[in-house]
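Colleague: I'm new to reading protein models. Could you walk me through this one, feature by feature?

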Amino acid sequence: MASTAAVPFWRAAGMTYITYSNICANLVRNCLKEPFKAESIHREKVHFNLSKWADGKPQKPVLRSDTPEV
């Protein structure tokens, strides 16, 4: 049975909330004036370690980043 409840517009557009939130954050960052714009763009970068497990033990971690390599 289909629900007739109101659906958030980001869900109706086929997006997840994270995608919608990232788009909004990028728009806000691009509207800022310098030096605030450069600071906010620098803060958005995310780095994390990824470890694969084998035989119940973690392997050597690999540093990953969400920014594309240039």
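**Reading the model together**

Modeller: Let's start with one side chain: Phe-9 counts as exposed, because its relative accessibility is 58% and the exposed class begins over 50%. Keep in mind that this is a predicted model.

Colleague: Which residue does the ring of Phe-9 pair with, edge-to-face?

Modeller: To read a ring pair, look at the distance between centres and then at the angle between planes; over 60 degrees counts as edge-to-face. By this rule the count comes to three aromatic pairs. In one of them, Phe-9 and Tyr-20 have ring centres 5.3 Å apart and planes at 90°, so they sit edge-to-face. This pair links distant parts of the chain, with Phe-9 in helix H1 (residues 9–12) and Tyr-20 in helix H2, eleven residues apart.

Colleague: Is Tyr-20 buried, partly exposed or exposed?

Modeller: Tyr-20 is partly exposed, at a relative accessible area of 22%. Its ring also pairs with Tyr-17: the centres are 5.9 Å apart and the planes at 50°, so this pair is tilted. Tyr-17 and Tyr-20 are about one helical turn apart, because three residues separate them in helix H2. Tyr-17 is partly exposed too, with 47% relative accessible area.

Colleague: And which residues form the aromatic cluster?

Modeller: Phe-9, Trp-10, Tyr-17 and Tyr-20 make up one cluster.

Colleague: Let's zoom out. How many helices and strands are there?

Modeller: The protein has three helices and four strands, and along the sequence they follow the pattern α-α-α-β-β-β-β. Buried residues make up 4% of the 70 residues.

Colleague: One more: which residues form a nonpolar patch on the surface?

Modeller: Val-46, Phe-48, Leu-50 and Val-62 do, with about 320 Å² of accessible area together.

Terms used: Residues numbered from 1 in each chain as written. Predicted model: local features only at pLDDT ≥ 70, side-chain atom pairs only at ≥ 80, totals over all residues. Heavy atoms only, no water. Patch = residues over 30% accessible without salt bridge, like charges linked within 9 Å, V, L, I, M, F, W, Y side chains within 5 Å. Areas by Shrake-Rupley, 256 points an atom, 1.4 Å probe, with all protein chains shown as cover. Salt bridge = Lys/Arg side-chain N within 4 Å of Asp/Glu carboxyl O. Helix = DSSP H or I, 4+ residues; strand = E, 2+ residues; numbered from the N terminus. Buried < 20%, exposed > 50% of the residue type's maximum accessible area, 1.4 Å probe, protein only. Phe/Tyr/Trp six-rings, centres within 6.5 Å; stacked < 30°, edge-to-face > 60°.
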